[in-house]
Amino acid sequence: MAEMTEELPEVTTTPKTPLDAPTGTPTVIVDDLHIVYRVYAKATDHEKGNAVNALMRLLRRQGRPQMTEVHAVKGVSFVAYHGDAIGIVGRNGSGKSTLMRAIAGLLPPHQGAVYTDGQPSLLGVNAALMRDLTGERNIILGCLAMGMSPAEVRKKYDEIVDFSGIDEFVKLPMSTYSSGMGARLRFAISSAKTHDVLLIDEALATGDREFRKKSQERIKQIRESAGTVFLVSHDHKVIEETCNRVIWLHKGKIKMDGDPAEVMAAYHKG
Ligand SMILES: Nc1ncnc2c1ncn2[C@@H]1O[C@H](COP(=O)(O)OP(=O)(O)OP(=O)(O)O)[C@@H](O)[C@H]1O
């Protein structure tokens, strides 16, 4: 395997205490959550800004005419616990990714609230790795960004390269990777750390079968260390094999929440 060649400065930090909270206590509380996107559509020629149109809008107390709202999550409430792996299913546009981003704190609630115990980390298909940098550099930066000390990065480096299976490609820029290789490296980096709440949005979709198996094993380990995992996937086999609970979103609302086999059976019936 390729040795890590980058020099990292010696820094001593106090190690983070492992998650020791007992299972069965809440990690995420979502309370009557509403998320609304505001979209500014392109103005038609008729609406285009000129002084007369602007004045008429002011006089009629109208807002910008091109703005539309998309109510993506509509009053979602649930509680997640330590040790939970929750699958989120639903048709395209049902609000799955929006809900993940809201739990990660990346979207402000329009109404309601999200309370989390610990730091949620969102691992998505577009997780911020840099295409022009080598895999090695991305591993180092990614781990430091997750709060690891340089010593921890050095300790974890081989394991991450090994888990990702990208071998010698680690020395090449990520722009030379296939989408599957990129996804594997992202998952390997993100899951190298114990997460309180790990949100995985379709990030396992591009991996091959062997990698999916390895990632399911990793998710199990995270659950066993009392973290909480959310998994958005259109691959229902992965959901059923990995999760102990499934939430079915439909048009921004929870249609069903419970045992994976029961929810998936109802979901397939439509
Ligand atoms: N940035 C955005 N701006 C405006 N509307 C958005 C934005 N992102 C998502 N939406 C809208 O919000 C709704 C929910 O989208 P979201 O991506 O959360 O659904 P999803 O269930 O994850 O879909 P998919 O399975 O296709 O990934 C859709 O109507 C979508 O068009």
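This report describes helix 4 of a predicted model and the helices packed against it.

## Model and chain

The model is predicted; local features need pLDDT of at least 70, side-chain atom pairs count only at pLDDT 80 or more, and totals for chains, interfaces and linings use all residues. Residues are numbered from 1 along each chain as its sequence is written.

The chain holds eight helices and nine strands. Helices (H or I, at least four residues) and strands (E, at least two) are DSSP runs, numbered from the N terminus. Of the 270 residues, 37% count as buried, a term for residues with 20 or more other C-beta atoms within 10 Å of their own, the C-beta atoms being placed from the backbone. Among contacts with a separation of 6 or more, 78% join residues 24 or more positions apart; two residues are in contact if their C-beta atoms, placed from the backbone, lie within 7 Å.

## Helix 4

Helix 4 covers residues 150-164, which is 15 residues. From its first C-alpha to its last it reaches 20 Å, close to the expected 21 Å, where the expected span is 1.5 Å times one less than the number of residues. A kink of about 40° is centred on K156; the bend at a residue is the angle between axes fitted to the seven residues ending there and the seven starting there. Just after the helix, G165 has a positive phi of about 70°.

The buried residues of helix 4 are V153, Y157, I160, V161, F163 and S164. They pack against helix 3 (135-145), helix 5 (179-190) and helix 6 (209-224).

## Packing with helix 3

Helix 3 and helix 4 pack at about 125°, with axes 10 Å apart. Axes are lines fitted to C-alpha atoms, for helices over the stretch in contact, and angles run from 0 to 180 degrees between N-to-C directions. The two helices are therefore oblique to each other. I139, I140, C143 and L144 of helix 3 meet V153, K156, Y157 and I160 of helix 4.

In helix 3, the buried residues are G135, E136, N138, I139, I140, G142 and C143. Their cover includes helix 4 and helix 5. G147, which follows helix 3, has a positive phi near 95°.

## Packing with helix 5

Helix 4 and helix 5 pack at about 145°, with axes 8 Å apart. The contact is made by I160, F163 and S164 of helix 4 and R184, L185, A188 and I189 of helix 5.

How values were computed: A residue is buried if 20 or more other C-beta atoms lie within 10 Å of its own, exposed if 12 or fewer, and partly exposed in between; C-beta atoms are placed from the backbone. Angles under 35 degrees count as roughly parallel, over 145 as roughly antiparallel, 65 to 115 as roughly perpendicular and the rest as oblique.
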